[in-house]
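Please keep the sequence and the coordinates at hand while reading.

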Amino acid sequence: MLEGIPKISVLIICYKQEELIKRAINSLLAQKDYIYEICVSDDCSPDRTWQVLQEYDKQYPGLFKLHQNHSNLGIFENLEYTWIMPSGDVVYQLSGDDECGKGWFKTVIDYILKNNINYKNELFCIYGDYACIDLNKKLTRYSNNLVLSGANLMSLALRGLICNRSTCFSVKIMHKYFKTSKGRSHIAEDSQDRQLQFFTEKNYYISLIGNIYHSGIGVSIDVIKGEHVTERKHGITYMVSCFSKYGYSPTKYDRRYIKFDEAFNEFLYRKSIRNIIRMAFRLLISYDTSMGFKSLKLVSLFSHLNRVKFNLLYHIRETFSAQQSNSLMTLI
């Protein structure tokens, strides 16, 4: 790492990603002159993920800080463990199946120094753009530039109009984080993610891709069923209850949007004309004049529907393949 620059701690969670983790780490090593440490928590992977991490550690002594859970805890508890790992000034989070954007850390450090950001004391967050690459290798870019719009960041984040991907933020913000996980329950997702917006005092934006998400691999290909439907449906409501003790109260329009989000998640798994009508009504009454038309989340809504289409096509393909295999076995 170069001398006299902010110390950036990269946090990674991974599970059963012995091949994918290499892409994530190599995207960081290409920028290692600007990285203070790479902190990785492996969730007791049954494959060679841990061995791969140890090999990197031997090759780059002093750069990696590794931890492995004794048993598989699940995404949310594993993520919460990484909160105690960084010892740098600035935090960047990366999933084991994603990769960091080229030149991201140099650009962030240059921005901090040029704008005289008090990175040791200021509760700041720098947002960048992020990208998604689908199974057909098509890249779609998403912007986080609305952080400069003057709209309430919690309101923007609730609607999916800004994202935690491609963020570098003060480690002092993470020191304020509190645990909300309930074992493997997906109800904790929103309450964990929104802590960044809730505790940040100053926000900045860079027009550069800082994170690349690869869809169609890992947990993203699973259609969540059973109790997970209820967990995700009430995720934002649970988040509000967690933050209420810190004085958080959603706006009138945010409360209406939360009702829409519950109806939308119910629609994903229990499709009906009644659900569609309920969704449309709740979305319309959540219109927030401070954010204008964007508050209706139409772009993000289409993104969600594309994900539903992808999941449906994936499982149709898998089912068709399984039926072909069964037919072949019958012939044999």
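What covers the buried residues of α2? The cover includes β1 (8-14), α1 (20-29), β2 (37-42) and β3 (64-68), where contact means heavy atoms within 4.5 Å.

The model is predicted, so that local features need pLDDT of at least 70 and side-chain atom pairs count only at pLDDT 80 or more, whereas totals for chains, interfaces and linings use all residues. Residues are numbered from 1 along each chain as its sequence is written, and side-chain values use heavy atoms, with hydrogens and water left out.

**Helix α2**
- Helix α2 (residues 49-59) has T49, W50, V52, L53 and Y56 as its buried residues, buried meaning under 20% relative accessible area and exposed over 50%, with partly exposed in between (1.4 Å probe, protein chains only).
- The face turned away from the buried side of α2 carries the exposed residues K58 and Q59.
- Helices (H or I, at least four residues) and strands (E, at least two) are DSSP runs, numbered from the N terminus.

**Cysteines**
- Zero disulfides are found in a search of the whole structure, a disulfide being a pair of cysteine sulfur atoms within 2.5 Å.
- C100 is in no disulfide, and the nearest cysteine sulfur, that of C168, is 7.6 Å away.
- C100 is buried at a relative accessible area of 3%, and C132 is buried at 15%.
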